[in-house]
Amino acid sequence: MEIVKIDNTKCIGCGACVAIAPDTFDFDDDGLSKVINDTLTEDAKSACESCPVEAISTEEVVDVEYKEVDEEKAA
Ligand code: SF4
């Protein structure tokens, strides 16, 4: 699955991403954008394309499925 990330060293706090995808982005205490939900929605993709300083990126992450270990078999 893909997630969305922000490079806060690039963000200029223009607010475009927060306006386009308020379920994904919000302002932090410094007035810069932060990710509040990293699920890559269509709105988040639009925000990514709209960022004037290319601070938003996406990253492919591997879904890890944790399985309970059968302790009797493992012993
Ligand atoms: S669109 Fe880019 S520069 Fe503007 S607030 Fe969002 S991350 Fe920061």
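Reply: Among contacts in the protein between residues at least 6 apart in sequence, 55% join residues at least 24 apart, where two residues count as in contact if their C-beta atoms, placed from the backbone, lie within 7 Å. This is a predicted model, in which local features need pLDDT of at least 70 and side-chain atom pairs count only at pLDDT 80 or more, while totals for chains, interfaces and linings use all residues. Residues are numbered from 1 along each chain as its sequence is written.

The largest nonpolar core consists of twelve residues, V4, I6, C11, C17, A21, F25, A44, A47, C48, C51, A55 and I56, a core being a set of buried Ala, Val, Leu, Ile, Met, Phe, Trp, Tyr and Cys residues joined through C-beta atoms within 7 Å. Strand 1 (2-6) and helix 2 (42-50) are the elements that give two or more residues to this core, and helix 2 gives the most, with three. A55, one of the core residues, touches I6, D7, K10 and C11 once residues up to four places away in sequence are left out.

The ligand has 14 residues around it, and C11, C14, A16, C17 and C51 come nearest; a residue is near a molecule or strand if its C-beta atom, placed from the backbone, lies within 6 Å of it. This shell holds eleven nonpolar, three polar and no charged residues, with Ala, Val, Leu, Ile, Met, Phe, Trp, Tyr, Cys and Pro counted as nonpolar, Asp, Glu, Lys and Arg as charged, and the others, Gly among them, as polar.

Moving outward, E54 sits in the loop between helix 2 and strand 4 and is exposed because 10 other C-beta atoms lie within 10 Å. Most residues other than glycine have a negative phi, yet E54, although not a glycine, has a positive phi of about 50°.

Key: A residue is buried if 20 or more other C-beta atoms lie within 10 Å of its own, exposed if 12 or fewer, and partly exposed in between; C-beta atoms are placed from the backbone. Helices (H or I, at least four residues) and strands (E, at least two) are DSSP runs, numbered from the N terminus.
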